[in-house]
Amino acid sequence: WPKFVSHMFYLSPDGGLVIAAYAPASVTAFLPGGGAISLTVDTWYPWEGFVDMSTAGGSHYVIYLRITSWSERTTVTINENESVSAKPGTLHRVNCSGSMSISVTLDMKLRVERRYNNAASIYKGPLLFGL
C-alpha cells in the first residue's frame, strides 16, 4: 500500500495536480506557484464506480483526473450541478478555484474479452474475475 499511495498524486508540467489512481486518501499539495491545495478522496473504487473528492485551496488551480480506457461512459460532476462527459484513456482537466466538490462516475459494466483458444476474460470495471 505505501507505494500505491505514494503514486496516486503527481504534479503536472503546467503546475496542476494529477490524480493518477483512485482510493480513499487525503493529500496537501504544494504547487509550484507557491500555493497549496488540500484534496480528500472518498470512494469504494474498484468495487464501485463512484469517486467523490473535495478540494480546498488557492484562487486558481488545475486538477487532472485519470479516466480509464475501459470506462466508455464516464461523467465528471463539479459542485453537484455541472456534469460533463470525459473521454476514455485521457486526463480530464478541471479548472478549480477555492473549495470545490468533484464527482467521477465510471462505467463499471461487465465486459467479455475473447482470448486465445476460445477462452474469455470477464471484467467488471478494473476487476478481472477468476472462474
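User: Which residue stands opposite K124 in strand 13?

Analyst: Strands here are DSSP runs of E of at least two residues, and helices are runs of H or I of at least four, numbered from the N terminus; two strands pair if DSSP finds at least two bridges between them. In this predicted model, K124 stands opposite L127 in strand 13, and 3 bridges join strand 13 to strand 12 (residues 120-124), the two running antiparallel. The model is predicted, so local features need pLDDT of at least 70 and side-chain atom pairs count only at pLDDT 80 or more, while totals for chains, interfaces and linings use all residues. Residues are numbered from 1 along each chain as its sequence is written, and side-chain values use heavy atoms, with hydrogens and water left out.

User: In what order do the strands of this open sheet lie?

Analyst: The 3 strands follow the order 11-12-13, with antiparallel pairing. Strand 11 (110-114) and strand 13 (127-129) are the edge strands, each pairing on one side only.

User: Is I37 buried or exposed?

Analyst: A residue is called buried under 20% relative accessible area, exposed over 50%, and partly exposed in between, using a 1.4 Å probe and protein chains only. I37, which lies in strand 4 (residues 36-43), is buried, with a relative accessible area of 2%.

User: With which residues is I37 in contact, leaving aside its neighbours within four places in sequence?

Analyst: Contact means heavy atoms within 4.5 Å. By that criterion I37 is in contact with residues including L17, V27, A56 and Y61. Across the chain, 39% of the 131 residues count as buried.
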